[in-house]
Every structure is written in structure tokens, then in C-alpha cells.
Amino acid sequence: MRASFAKAAAAGDEAPLYFYSHLFLRHPETRPMFPVSMAHQRDKLFSALGQVVALVDDLDALVPVLQGLGRDHRKFGTLAAHYPAVGASLLATLRHFDDAWDEALERDWAAAYDLVARVMVEAADAAADQPAWWDAKVVEHERRSVDVSVLRVQPHAPLPVRAGQAISVETELRPRLWRYYCPAGVRDPDGALELHVQAHAGGPVSSALALHVGVGDLLRLGPAVGEPALLPGSDRDLLVVAAGAGLAPAKALVAEVAAGPPGRRVHLFAGAHDDAGLYDLPDLRRLESEHPWLTVTPVVSDGGRSTHPVGDLPEVVLQHGPWNARDAHVAGDRRDVERTVELLTAQGLPRERVRAQVFAPSRSGPDVGGKVSR
């Protein structure tokens, strides 16, 4: 199955184009569930499918992912009756791009998809008493730099979300386009969420949220998906490494520790290219002053006249170690995350005590959030 999926994935945009053409021609009633322009939608199916295929041998990890997808898809108006149509188009696509396709492979894929659909439908049914999405009002919108804004949004009802989890966001400026963000935590007792948004060329949702949405505008927020950052049952001190967009889940983690039992120390490294990239440093310093157990170390890779530690973020983190007695959460771009995890585990930190969250752009634009992995 992995080899079969790899053939379709290797076809690039041709595979999702074939899939959606097949789906919309045979089931035109599904077309209104998708945005008018499919340019930023085409690769999302294969991104999600790739994650499922990667976990196909690990049901303990796969089932929670599918359950989150099932609950999340309710915001599109997805019904149980839609799953067979999607499954038929998926198998038609895989068959089209696999010259070694046979009846046995078709049976395997059909059985796998039936399992995926069943888990997602059951999760959606179990969440029927919860909102499919939350209407939320923008109550603060602060431009921190040319392309970065921090938004405070007030959902109409409490939205349960843990540090490290993501919520999808839709604005009426970009209807039916949803972009995943990890909230930087709950700002107030009223349940307002803090979102960090960086505008990207080719990222329609991020650009709309960062540059055009204003106070009083309404957003839609999807239910939380993904694995929480904190390891269950652990009370070990924490090492938190955040590069760029990884700062949001790092701040949420600090807030979650602050709300929990006392006694855990947290050392947070915030990495950026230069001082301008440390757009949230004043608030990090505020948190540091409020919580004696929190240490914040900003790191810039291009120092110039910076007064902060200068160097490669993973190397600077290692220099401040050892960290073997702690749990670790590492979030940011793929290079910094993978290099930091590599150095920490080589130093002796057990891999099962490291949570890694990678933020990477999609092929059609940087509209993909982060995933938490062990």
C-alpha cells in the first residue's frame, strides 16, 4: 500500500487533480463543500492521506488522528453518505497511477479505507453534541512586524484546546479555505484565544488574517486536532525550543504548566533570524517575571548588533544543557526541529520524552500548520 500511494504522490498535482475531477463529475453535490479556487486545496487530501499511510502499522497512533479528522470534517458539512463517494474516487485515482494495480491491492485499499471511514464517522457521531465550528469575534489585532500579527479572538462558546493542538480558521474574506493554527493559549478567563499569524506570499488565509482582518470581524474556528504537547502523567521539568511559528504552541505550553500543579521548571528558547523576529519578546519577559520557574532565552542566528545570544538555535540549546532529566517540546521549521531532536537524543535524552512539532509550507502555499510527533 505504501508503494502504491508513493506512485500517486510522485505524480504531483496530477493525482489530486484526477481525484477531484473524478469526485466532482460523479458526485457534483460535493462541489459546494470546497472553495471556488482549488489551488490551495489540491494537495491537502494527499497530505492527510500520507499521514494515514505512514501510521498504517501503528493503530494506537493512527486512531486518534482519524478521530480528530472525523470531528474536524463536520465543519465542511461532511455526512456519512459522502464517505463512499470519496472512497470510490480515491481508489480510482490510486488505480490510475499504479501500473501494477491488481485485485488484491484493490481489496487491501478498500478494507483500509473502510476502516478509516468507520473511525471518522463514529468520531463525528460521538461529537454530535459539540459545535461543528465556533463563531469567534476578533477583539484585538496587533501588527507586531511587517508580516506578523497577533490576534485575540473570542469564541461564542468555550473551545476546548490543549497546548500543541491546532484549530482551523476560516475568514469570510477567504470562504471555505481553512488554515490550521496552534493557539498560543487562552488569554483570559472568558476563553479568548491568542493566534500568531505570519503573512506569506501565496498564503491566502494567512495574508487575510495578518493584514486585512480587523477588530469586530467574525471568524470560524474548527475543533482542536492533534496530540497535546505535554506528556501524560509526567511531572518532569521541561525544555521548550521554539523557532518562528513554533512560539505559539510554546507559549500555550507555558500557560498550561502555569495552570497545573506547582513545581515544574520550564526553560524556553525562542529562536529568530534577527531581533525583529523576536516579535513577542516583551510578553515572554512578562511571563518570565510572573513565573519564577520560567527562564526565557532568546537566540538570533544573524546577530548584527543584537544583545541576545547569537548562533545556530540547536547548538545554543545544547550548550546550555545537559537536558537529559527533562521532557522536551521542539517546534518550528523542519531543519531546526530535526537538528535539535538529533542533538538532544545524541546527548542522552530519551526520544520518547521528546515531542516534535514541524511547521512547513504546502506545495501550493504556506497554509499548513504543525504536527506533533514523538
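**Reading helix packing, sheets and burial**

Mentor: H4 passes H6 in a right-handed crossing. Please bear in mind that this is a predicted model.

Trainee: How is the packing of H4 and H6 described by axes and angle?

Mentor: Two packed helices are described by the angle between their axes and the distance between the axes. Here, the axes of helix H4 (residues 59-72) and helix H6 (residues 103-126) cross at roughly 55° and come within 7 Å. H4 and H6 are therefore oblique to each other.

Trainee: Which residues of H4 and H6 meet?

Mentor: On the H4 side they are Leu59, Val63, Leu66, Gln67, Leu69, Gly70 and Arg71, and H6 supplies Leu115, Val116, Val119, Met120, Ala123 and Ala124. Sorted by class, the contact of H4 with H6 comprises ten nonpolar, two polar and one charged residues.

Trainee: At what angle do H2 and H5 pack?

Mentor: Helix H2 (residues 14-26) packs against helix H5 (residues 82-96) at an angle of about 140°, and their axes are 9 Å apart. Angles over 145 degrees would count as roughly antiparallel, so this value makes H2 oblique to H5. The crossing of H2 and H5 is right-handed. From H2, the contact draws on Ala15, Tyr18, Phe19, His22 and Leu23, while H5 contributes Ala85, Val86, Ala88, Ser89, Leu90, Ala92, Thr93 and His96. The residues of this contact between H2 and H5 comprise nine nonpolar, four polar and no charged.

Trainee: How many bridges join S3 and S4, and which residue stands opposite Ile167?

Mentor: Strand S3 (residues 167-171) and S4 pair in the antiparallel sense over three bridges, and Ile167 stands opposite Tyr181 in S4. S3 also pairs with S6, again in the antiparallel sense over three bridges, with Val169 opposite Leu221 of S6. Strand S1 (residues 134-143) runs antiparallel to S6, and four bridges join them; Ala136 has Leu219 of S6 as its bridge partner.

Trainee: Which residues of S6 form the covered face, and which the uncovered one?

Mentor: Leu219 and Leu221 lie on the covered face of S6, whereas Leu218 and Arg220 lie on the uncovered one.

Trainee: Is Val213 buried or exposed?

Mentor: Burial is judged from relative accessibility. Val213 has 5% relative accessibility and therefore counts as buried, the limit being under 20%. Val213 is placed in the loop between helix H7 (204-212) and strand S6 (218-221). Leaving out residues up to four places away in sequence, Val213 touches Val138, His141, Thr171, Leu173, Ala208 and Leu219.

Trainee: How many residues of S8 are buried?

Mentor: In strand S8 (residues 266-272), seven of the seven residues are buried, so S8 is largely enclosed by the rest of the structure. Val266, Leu268, Ala270 and Ala272 point one way and His267, Phe269 and Gly271 the other way. Strand S7 (residues 238-243) pairs with S8 in the parallel sense over six bridges, and Leu239 has His267 of S8 as its bridge partner.

Note on methods. Residues are numbered from 1 along each chain as its sequence is written. This is a predicted model: local features need pLDDT of at least 70, side-chain atom pairs count only at pLDDT 80 or more; totals for chains, interfaces and linings use all residues. Side-chain values use heavy atoms; hydrogens and water are left out. Axes are lines fitted to C-alpha atoms, for helices over the stretch in contact, and angles run from 0 to 180 degrees between N-to-C directions. Helices (H or I, at least four residues) and strands (E, at least two) are DSSP runs, numbered from the N terminus. Angles under 35 degrees count as roughly parallel, over 145 as roughly antiparallel, 65 to 115 as roughly perpendicular and the rest as oblique. A crossing is left-handed if the near helix is turned anticlockwise from the far one by less than a right angle, and right-handed if clockwise. Contact means heavy atoms within 4.5 Å. Ala, Val, Leu, Ile, Met, Phe, Trp, Tyr, Cys and Pro count as nonpolar, Asp, Glu, Lys and Arg as charged, and the others, Gly among them, as polar. Buried means under 20% relative accessible area, exposed over 50%, partly exposed in between (1.4 Å probe, protein chains only). Two strands pair if DSSP finds at least two bridges between them.
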